[in-house]
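Hi,

Here is the structure I promised to pass on.

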Amino acid sequence: MNQDLRFRFAPSPTGALHIGGARTALYNWLAARGSGGSLVLRIEDTDRERSTPENVEQILEVLRWLELDWDEGPISQASRAEQHAARLKELLDSGAAYRDTAAAEDVKAYKREHGADRGYRGTPSDDPGAAVRLHVPDDGDTVVEDLIRGPVAFPNRSQDDFVIARGDGSVLYNFAVAVDDAEMGITDVVRGDDHLSNTPKQLLVLRALGASEPRYAHLPLLHGPDGRKLSKRHGAASVEELRDVGYLPAAVRNYLALLGWGTTDDTTLMATDELIKRFRVADVGKAAAVFDEQKLRWVNGRYMRELPLDEYTAAVAGFNGREPDERLRAGCEIAQEKAQTLAEVWPLIGFIYEKADDEKAWRKVMGEGVADLLGAAREALAGANGFETADVEAALEPLPERLGVKAGKLYQPLRVAVTGTNVSPGIFETISILERGEALRRIDDAIGRLGGG
RNA sequence: GGCCCCGUCGUCCAAUGGUCAGGACAUCAGGUUUUCAACCUGGGAACGGGAGUUCGAUUCUCCCCGGGGCUACCA
């Protein structure tokens with residue numbers, strides 16, 4: 001345990017939080033919790049155009065839903081403008097940075113002249129409204145000692161003298177991140193691979209400032225099923241969507257943890273405390289992973305089935321905007337083995353409250369001679385000793401043989417008569433969960449509709 | 001274009017300088033069965049390509065190919 005470790009999750013609120021971002025948050029959280037260190041939440045909102053309060057709130061909500069807590073923050077990066085300005089002034093005063101009036105076109109012209117692999121070098125200007133660039137050395141490499149990838153060398157001569165502050169004095173991302181990580185005492189930066197190329201820039205800033213450098217670990221990106229970078233096109237790409245289709249937070253954590261990381265003994269299902277115990281940033285793989293919702297569904301199904309009934313009922317109730325009551329609890333009990341997501345539960349047990357109206361199912365099973373079969377079942381149920389599942393079973397079980405039909409020939413019409421559709425939990429449980437009067441009434445209705453009885 | 005990263009079954013994750021390259025999801029076949037699931041059994045399925053190092057490479061090195069990231073006075 002190392003209490004001195006400080007991790008951070010630093011999303012930019014420019015849109016919905018991706019499952020990739022969620023995984024980054026999860027990995028940081030697992031690493032922090034597993035090491036006894038702390039987790040800082042910082043919102044990278046220096047892009048005032050795209051950062052909105054709604055997006056910030058959305059990110060916090062996703063983290064809360066995933067049950068990932070943090071120890072400090074959320075800290076708005078934009079609110080640290082004063083510190084940024086102070087550090088910027090240091091670099092300007094020391095000569096490590098300089099003002100330059102060059103625009104994108106000038107940089108291109110420079111490269112046409114000096115070669116595409118040559119980093120831009122500007123000429124200091126005394127125009128107080130010019131952007132600020134950092135002096136990058138011409139020789140040597142800036143090496144990122146990445147925990148996952150090992151040392152990665154970036155030749156300095158290919159690196160531009162990059163802009164660290166706009167003409168108006170506000171700082172840019174790579175500068176703000178470096179300053180904040182240093183001033184917040186971050187020891188471990190665990191983030192997406194898309195930042196690997198930014199790291200030498202941040203290191204250069206840190207060194208110019210004489211600040212301490214954190215350890216870095218760059219996680220492979222997540223791709224969609226087509227192998228391209230994950231985006232909205234790929235189905236449930238945002239965590240909110242995952243929540244809305246009925247996945248359990250614990251299952252999502254388990255699945256996400258496995259996207260890029262695995263154990264030597266091939267364990268697939270791991271409760272969160274086990275993930276905390278076993279997860280190591282350095283063990284994360286290097287290759288990009290593809291988000292596979294089918295496997296998430298399977299993981300989720302396993303979690304659904306293992307949930308204690310009370311929790312299960314509460315989850316189903318919450319998902320459907322209801323209060324958990326005895327009736328729902330009874331329904332959940334018979335549906336728990338069958339549903340893989342919370343959204344799948346209601347179609348299975350909605351009949352408890354109201355009979356469904358599935359025309360296709362009706363046409364499929366309510367054929368010739370069905371009225372008589374239902375009549376026989378009705379009589380058997382009316383005469384049952386009680387109405388527990390065992391009573392219903394005792395009453396119905398002998399029927400197919402006595403009537404000379406296959407079990408399905410009787411049970412399917414009965415299912416449709418009672419639930420209104422042809423998919424439900426076991427037929428005996430399904431009937432038993434209704435009160436006897438209600439069950440008989442529904443059967444009578446069906447017989448009536450068939451023109452029989 | 002430049003700089004950088006990555007490359008094991010369809011997908012995720014393992015292992016190894018010498019094994020029949022393993023597990024999970026998915027898939028296929030069979031079983032169970034009152035529907036749908038679930039469940040059980042079994043099968044197919046991978047080291048991107050080419051050199052080199054080596055007695056021997058999936059594993060080490062190089063090249064190629066493929067995919068990806070960055071390349072803004074965005075984050």
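A word on element names before anything else: helices (H or I, at least four residues) and strands (E, at least two) are DSSP runs, numbered from the N terminus. This is a predicted model, so local features need pLDDT of at least 70 and side-chain atom pairs count only at pLDDT 80 or more, while totals for chains, interfaces and linings use all residues. Residues are numbered from 1 along each chain as its sequence is written, and chains are lettered from A and ligands numbered from 1 in the order in which they are written.

Let me start with Lys286, which sits in the loop between α9 (272-278) and β12. Lys286 counts as partly exposed because it has 13 C-beta neighbours inside 10 Å (20 or more is buried, 12 or fewer exposed, in between partly exposed, with C-beta atoms placed from the backbone). Beyond its neighbours within four places in sequence, Lys286 is in contact with Ile148, Arg149 and Pro220 (contact: C-beta atoms, placed from the backbone, within 7 Å).

Next, the RNA. The surface near RNA strand B has 26 nonpolar, 21 polar and 17 charged residues (Ala, Val, Leu, Ile, Met, Phe, Trp, Tyr, Cys and Pro are nonpolar, Asp, Glu, Lys and Arg charged, the others, Gly among them, polar). Elements that each supply at least two residues to that surface include β12 (289-290) and α10.

Helix α10 (residues 293-306) also packs on α8 (residues 249-257), at about 135° with axes 9 Å apart (axes are lines fitted to C-alpha atoms, for helices over the stretch in contact, and angles run from 0 to 180 degrees between N-to-C directions). That makes α8 oblique to α10 (under 35 degrees is roughly parallel, over 145 roughly antiparallel, 65 to 115 roughly perpendicular, the rest oblique). On the α8 side, the contact includes Ala250 and Tyr255; on the α10 side, Leu296 and Tyr303 are among the residues. The contact of α8 with α10 divides into six nonpolar, two polar and one charged.

Lastly, α15 (residues 370-382) and α20 (residues 436-450) cross at roughly 160°, their axes coming within 10 Å. That makes α15 roughly antiparallel to α20. Their contact has 12 nonpolar, one polar and three charged residues.

Cheers

Note on methods. Contact = placed C-beta atoms within 7 Å.
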